[in-house]
Amino acid sequence: MNTDIEKIITLENITKLYNTNSHESRGVEDINICAARGEQLLILGPSGSGKTTIITLCAGLIQPTKGTVILFGKNVKDYSRSELQKLRADCIGFIFQTFLLIDSLTVTENIKLVQRFSKKRNQIPPEELLKKFGIYNLRNSFPGNLSQGEKQRAAVARAIANDPALILADEPTASLESNQGFIIIELLKKYAAEENKCVIVVSHDLRISKYADRILKIEDGKIK
Ligand code: ADP
Ligand code: MG
């Protein structure tokens, strides 16, 4: 794997079909996507259009039915299961719809947990990450006591705890009211630009369009 590469991920002519019981359903069809360092790519589409399918393909969690996924310069098919696990632990950061911070752990412990799965040396101290995002004063707080804005900051701090070259965010603003702001998207865009990382956000939320470097639209499993 080459994590210094410019093109972090490429999906070439990807079709993903799911076989459930008797019928086959289509996740995505014949899509092409490429994302590089330094950019925040936003993929917009309604519910059921294939967004989560794309994120799970990008993470190597599922294999395409047709086409090729090149992740860090290598075909996903050619990684072993343990190589993919290592890649996810060391090189990919995840953000989910409701952030999935662990409520029984403090903000600092949430970050340490992610770091424990990684074998990377020179990890960024959690305190430094929390300072970077302006929530150092909340280091011993539990997620349940944070405001929505603070949770967004904590989710980004945790997602980048392993200094990943690729961040995948699935509907990161879905649980937010617009008056709470979309700080999570702003922070991710800044992270991509300043740290030269690749961020892919999938969402149905048109309100965040202005924070993207590049936008692709997906409908019925196809890129428009
Ligand atoms: P989105 O995230 O945009 O809502 P998804 O990628 O979850 O879309 O789903 C795209 C299509 O693939 C939908 O029609 C959905 O029903 C189908 N699909 C997704 N995951 C599965 C699965 N595990 N098994 C069967 N069908 C699935
Ligand atoms: Mg989804």
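Reader: Which polar side-chain atom lies 2.8 Å from an oxygen atom of ligand 1?

Author: In this predicted model, that atom belongs to lysine 51, and the distance to the ligand oxygen is 2.8 Å. A polar contact needs a pair of N or O atoms within 3.5 Å, and the pair formed by lysine 51 and ligand 1, at 2.8 Å, therefore counts as one.

Reader: Which elements give two or more residues to the shell around ligand 1?

Author: They are β1 (7-20), β2 (23-36) and α1 (51-58). The ligand is surrounded by 13 residues, and the closest are Ser25, Gly48, Lys51, Thr52 and Thr53.

Reader: What makes up the shell around ligand 1 by class?

Author: Nine residues of the shell are polar, two are nonpolar and two are charged.

Reader: How do you know that the reach of helix α6 is close to the one expected?

Author: Helix α6, residues 183-195, has 13 residues.

Reader: Which residues of α6 are buried, and why are they said to line one face of the helix?

Author: The buried residues of α6 are Ile184, Ile185, Leu187, Leu188, Tyr191 and Ala192. Viewed down the axis of α6, they fall within an arc of 165°, so they line one face. In general, an α-helix has 3.6 residues a turn, so residues three or four places apart point the same way. Ala193 and Glu194, on the other side of α6, are exposed.

Reader: Why does lysine 189 count as partly exposed?

Author: Lysine 189, which lies in helix α6, has a relative accessibility of 27%. Partly exposed is the class between under 20% (buried) and over 50% (exposed), so lysine 189, at 27%, belongs there.

Reader: Why is glutamate 39 called buried?

Author: Its relative accessible area is 14%, and buried means under 20%. Glutamate 39 is found in the loop between β2 and β3 (40-44). The side chain of glutamate 39 reaches the backbone nitrogen of alanine 36 at 2.9 Å.

Reader: What makes the phi of asparagine 122 worth a remark, in a residue other than glycine?

Author: The phi of asparagine 122 is near 55°, a positive value. Most residues other than glycine have a negative phi. Asparagine 122 sits in the loop between α3 and α4 (126-132) and is exposed, with a relative accessible area of 79%, since exposed means over 50%.

Reader: Is glutamate 171, at 11% relative accessibility, buried or exposed?

Author: Buried: the value for glutamate 171 is 11%, and the cut-off is under 20%. Glutamate 171 lies in the loop between β7 (166-170) and α6. Glutamate 171 also has a positive phi, about 50°, although it is not a glycine.

Technical notes
Residues numbered from 1 in each chain as written. Chains lettered and ligands numbered in written order. Predicted model: local features only at pLDDT ≥ 70, side-chain atom pairs only at ≥ 80, totals over all residues. Heavy atoms only, no water. Near = heavy atom within 4 Å. Polar contact = N/O pair within 3.5 Å; in protein donor to acceptor, adjacent residues only side chain to side chain. Helix = DSSP H or I, 4+ residues; strand = E, 2+ residues; numbered from the N terminus. Nonpolar A, V, L, I, M, F, W, Y, C, P; charged D, E, K, R; others polar. Expected span 1.5 Å × (residues − 1). Buried < 20%, exposed > 50% of the residue type's maximum accessible area, 1.4 Å probe, protein only. Arc of directions from axis to C-beta.
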